Amino acid sequence: MKILICLLSLMFFSCATNRNIILYDKIDVIKKEYNKNHQNDIVVLISKDFNPTKIIIRKLKFELKNDNIIYVFSWANTMPTTRAIKFRALLYDINTQKKYYISNSFENYKNIVIEFSSDDFKGMENILSFYLKKESDNLKNFTTKDYPPEMTQDYYIFDTENNKVLILNSIVFDKDGNPH
């Protein structure tokens, strides 16, 4: 009986780990394909000195039931921390419709916090809403050259179900999450 329980546990952990490796690989392939096909454009950069996406997916290995997600990711790019490795991400499980709000801090960038609700992600919520309504082209209208780069953020939207990535660069959101 103990052997059977051990085998079942091993299979459960193995399936969750394999699913998450596949999910991370899908995001990585989408990123590499985009960068290869858009060499003269802005490249997708979701890892700097560390790779938060890999850690996020590993932390959510028991939460995510499949590999169909929409992943909105942005590096903190606000003055005076333009070279910081602080980020914010919103991960949306397409099948369960659950949202995961993910961030770290300047003080301890390796401490990744995942929450199941948050009022601090209104801009990303709007990006996800536009994307789900297939209105993401409207977001491109909000990219701005009126602000210095230190005040704007680039957002990467990964859709693993459709194997695509969308870049929204130089966007500014107000405190209510509305783009300028």
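K86 lies over the face of F106, 5.6 Å from the ring centre. The model is predicted.

**Aromatic rings**
- The structure holds 7 aromatic pairs.
- One of them joins Y100 and F116 edge-to-face, with 5.7 Å from centre to centre and 70 degrees between the planes.
- This pair links distant parts of the chain, 16 residues apart: Y100 is in strand β3 (residues 99-103), and F116 is in the loop between β4 (113-115) and α3 (122-132).
- Y100 counts as buried, at 0% relative accessibility, whereas F116 is exposed, at 54%.
- The ring centres of Y101 and F121 are 5.3 Å apart and their planes meet at 65 degrees, so this pair is edge-to-face.
- Y101 lies in strand β3 and F121 in the loop between β4 and α3, so the pair ties together parts that are 20 residues apart in sequence.
- Y101 is buried, with a relative accessible area of 6%, and F121 is buried at 3%.
- Ring pairs also link Y71, F73, W75, F87 and F158 into a cluster.

- N66 lies in the loop between α2 and β1 (69-75).
- N66 counts as buried because its relative accessibility is 16%, and the cut-off for buried is under 20%.
- The side chain of N66 reaches the backbone nitrogen of N68 at 2.8 Å.
- The side chains of N66 and N95 are joined by a polar contact of 3.1 Å.

**Helix α2**
- Helix α2 covers residues 52-59, and its buried residues are P52, T53, I55, I56 and I57.
- At the start of α2, a side-chain oxygen of N51 comes within 3.2 Å of the backbone nitrogen of T53.

Notes:
Residues numbered from 1 in each chain as written. Predicted model: local features only at pLDDT ≥ 70, side-chain atom pairs only at ≥ 80, totals over all residues. Heavy atoms only, no water. Buried < 20%, exposed > 50% of the residue type's maximum accessible area, 1.4 Å probe, protein only. Helix = DSSP H or I, 4+ residues; strand = E, 2+ residues; numbered from the N terminus. Polar contact = N/O pair within 3.5 Å; in protein donor to acceptor, adjacent residues only side chain to side chain. Phe/Tyr/Trp six-rings, centres within 6.5 Å; stacked < 30°, edge-to-face > 60°. Lys NZ or Arg CZ within 6 Å of the ring centre and 35° of its normal.
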